[in-house]
Amino acid sequence: MNPNSMPVLVAGGGIGGLAAALALVRQGFTVQVLEQACEIGEIGAGVQLSPNAFHAFDALGVGEKARSRAVYTDYAVMHDALDEYQVGRIETGEAFRQRFGNPYAVVHRVDVHTALMEGAAETGRVEFFTSTRIEKVEQDEAAGTVTATDQNGKRWTGQALIGADGGKSVVRAQYVNDQPRVTGHVVYRAVVDEADFPADLKWNASSIWVGPNCHLVHYPLRGGAQYNVVVTFHSRQQEQWGVTEGSQEEVESYFQGVCPKARQLIKLPKSWKRWATADRDPIAQWNFGRVTLLGDAAHPTTQYMAQGACMAVEDGVTLGEALRVSGNDWGRALALYQRSRVTRTARIVLSGREMGRLFHMSGVERLVRNSLWKGRSQERYYDAIEWLYGWKVTNCLQTD
């Protein structure tokens with residue numbers, strides 16, 4: 001069989017895998033998405049979508065689907081969790097949209113995934129296979145094919161494979177085999193109905209309260225019908241990367257010194273999911289023959305830059321653009337894709353680590369943090385985030 005008539009295999013049906021599938025279809029490929037879960041879907045709670053993500057959604061043809069499910073914030077604000085001091089505030093209204101060409105929004109993770117799923121289904125060129133966990137990848141260089149073997153021994157062959165199988169990627173483990181960096185930071189996430197949410201915190205904003213070794217986040221979801229609540233703290237115990245059930249008693253024990261206004265947040269959820277977080281050190285090589293990494297498989301990061309989903313959809317678009325300008329030549333395209341993404345995503349990983357340190361400062365460091373942005377104009381804020389939010393399809397390829 002002519003390898004060019006074969007599908008492209010995408011390991012993983014999450015946000016990154018679907019973004020890759022849509023980008024590939026737009027370059028004329030058919031795609032098989034191999035998902036280890038028993039159904040294609042997302043878990044979790046809210047995500048923040050910055051202008052770069054909406055540029056990527058537009059390039060994938062699902063911009064309006066994503067926008068229709070989002071809540072558009074008026075501002076992003078940081079308060080000191082001990083004394084309510086406003087550390088900084090970035091307006092995300094009309095001036096922000098004019099500067100970056102798209103809004104800042106908050107949305108339920110499931111709604112992002114649904115928009116991508118609908119877009120993929122409408123193409124008629126993406127097949128989904130669930131309960132399919134890739135365990136081994138082999139390549140036939142002479143034939144120009146990649147074969148993945150799943151947990152049942154079934155073999156799937158395509159002209160390339162995109163490893164979008166998450167932070168615990170099997171594809172990355174085969175080719176890189178590096179160890180995660182467990183942060184010791186524990187994240188609790190929950191979604192609360194609007195009727196149960198404190199009236200004095202019902203801001204149309206992405207809000208963070210930063211405290212010593214902890215912070216709290218809240219923002220509206222689904223037209224304000226729900227609110228996302230996230231609390232993070234430095235664990236007293238040795239943590240292992242993963243998700244478990246949590247308890248309100250544990251959360252309360254880490255937030256004793258927090259001001260009453262912010263403390264309201266930890267009394268709201270009826271149930272909590274507990275994430276012990278990790279990232280990995282950035283790597284310079286994502287490509288291995290006709291196999292490449294994408295999304296959390298390529299650059300797993302902490303949550304502090306609020307860019308995990310955004311980077312995944314950027315990856316998908318950039319891969320598609322690299323194929324387009326390379327005439328669908330996989331060797332040239334994957335080299336261009338890697339060159340265009342490694343530095344940017346590594347900056348996100350490293351910036352996330354530093355942002356987590358800044359959020360959780362205590363003592364004199366806390367006072368310094370609280371003074372960093374005093375008197376800063378909105379234009380200066382926008383200048384500082386231009387590198388991040390100024391990403392567009394037209395500048396996504398690093399051609400030199």
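Strands β10 and β11 form a hairpin with four residues between them, and Gly153 in the turn has a positive phi of about 85 degrees. Strands here are DSSP runs of E with at least two residues, helices are runs of H or I with at least four residues, and both are numbered from the N terminus. Two strands count as paired if DSSP finds at least two bridges between them. The model is predicted: local features need pLDDT of at least 70, side-chain atom pairs count only at pLDDT 80 or more, and totals for chains, interfaces and linings use all residues. Residues are numbered from 1 along each chain as its sequence is written, and side-chain values use heavy atoms, with hydrogens and water left out.

Four bridges join β10 to strand β11 (residues 155–158), and the two run antiparallel. Val146 has Gly158 as its bridge partner in β11. Strand β10 is also joined to strand β9 (residues 134–140), by six bridges and again in an antiparallel arrangement. Here Asp140 stands opposite Thr145 of β10. The hairpin of β9 and β10 has four residues between the strands, and Gly144 in this hairpin takes a positive phi near 70 degrees.

Strand β10 (residues 145–150) is largely enclosed by the rest of the structure, because six of its six residues are buried. Buried means under 20% relative accessible area, exposed means over 50%, and partly exposed lies in between (1.4 Å probe, protein chains only). Both faces of β10 are covered: Thr145, Thr147 and Thr149 are buried on one side, and Val146, Ala148 and Asp150 are buried on the other.

**The parallel sheet**

Five strands form an open sheet with parallel pairing, in the order β8-β2-β1-β12-β19. The edge strands, each pairing on one side only, are β8 (126–129) and β19 (291–293). Neighbouring strands of this sheet are turned by 20 degrees against each other on average, direction ignored. Axes are lines fitted to C-alpha atoms, for helices over the stretch in contact, and angles run from 0 to 180 degrees between N-to-C directions.

Within the sheet, strand β1 (residues 8–11) runs parallel to strand β12 (residues 161–163) and is joined to β12 by three bridges. Leu9 has Leu161 as its bridge partner in β12. Helix α1 (residues 15–26) lies across β1, β2 (31–34), β8 and β12, and runs at about 170 degrees to β2.

**The helix pair α9 and α10**

The axes of helix α9 (residues 308–325) and α10 come within 8 Å and cross at roughly 150 degrees. This makes α9 roughly antiparallel to α10, a term for angles over 145 degrees. Residues in contact (heavy atoms within 4.5 Å) include Met311, Glu314 and Leu319 of α9 and Trp330, Tyr337 and Ile348 of α10.

**Salt bridges**

The structure holds 30 salt bridges, each being a side-chain nitrogen of Lys or Arg within 4 Å of a carboxyl oxygen of Asp or Glu.

| Pair | Closest N to O distance |
|---|---|
| Asp279 and Arg181 | 3.1 Å |
| Lys273 and Glu245 | 2.5 Å |

Asp279 forms a salt bridge with Arg181. Asp279 lies in strand β18 (residues 273–279) and Arg181 in strand β13 (residues 181–193), so the pair ties together parts that are 98 residues apart in sequence. Asp279 is buried at 0% relative accessibility, whereas Arg181 is partly exposed with a relative accessible area of 34%.

Arg353 is partly exposed, with a relative accessible area of 23%.

Lys273 forms a salt bridge with Glu245. This pair links distant parts of the chain, with Lys273 in strand β18 and Glu245 in strand β17 (residues 242–245), 28 residues apart. Lys273 counts as partly exposed at 39% relative accessibility, while Glu245 counts as exposed at 54%.

Elsewhere, Lys65, Arg69, Glu118 and Glu122 are linked in a network of salt bridges.

Notes:
Parallel < 35°, antiparallel > 145°, perpendicular 65-115°, else oblique.
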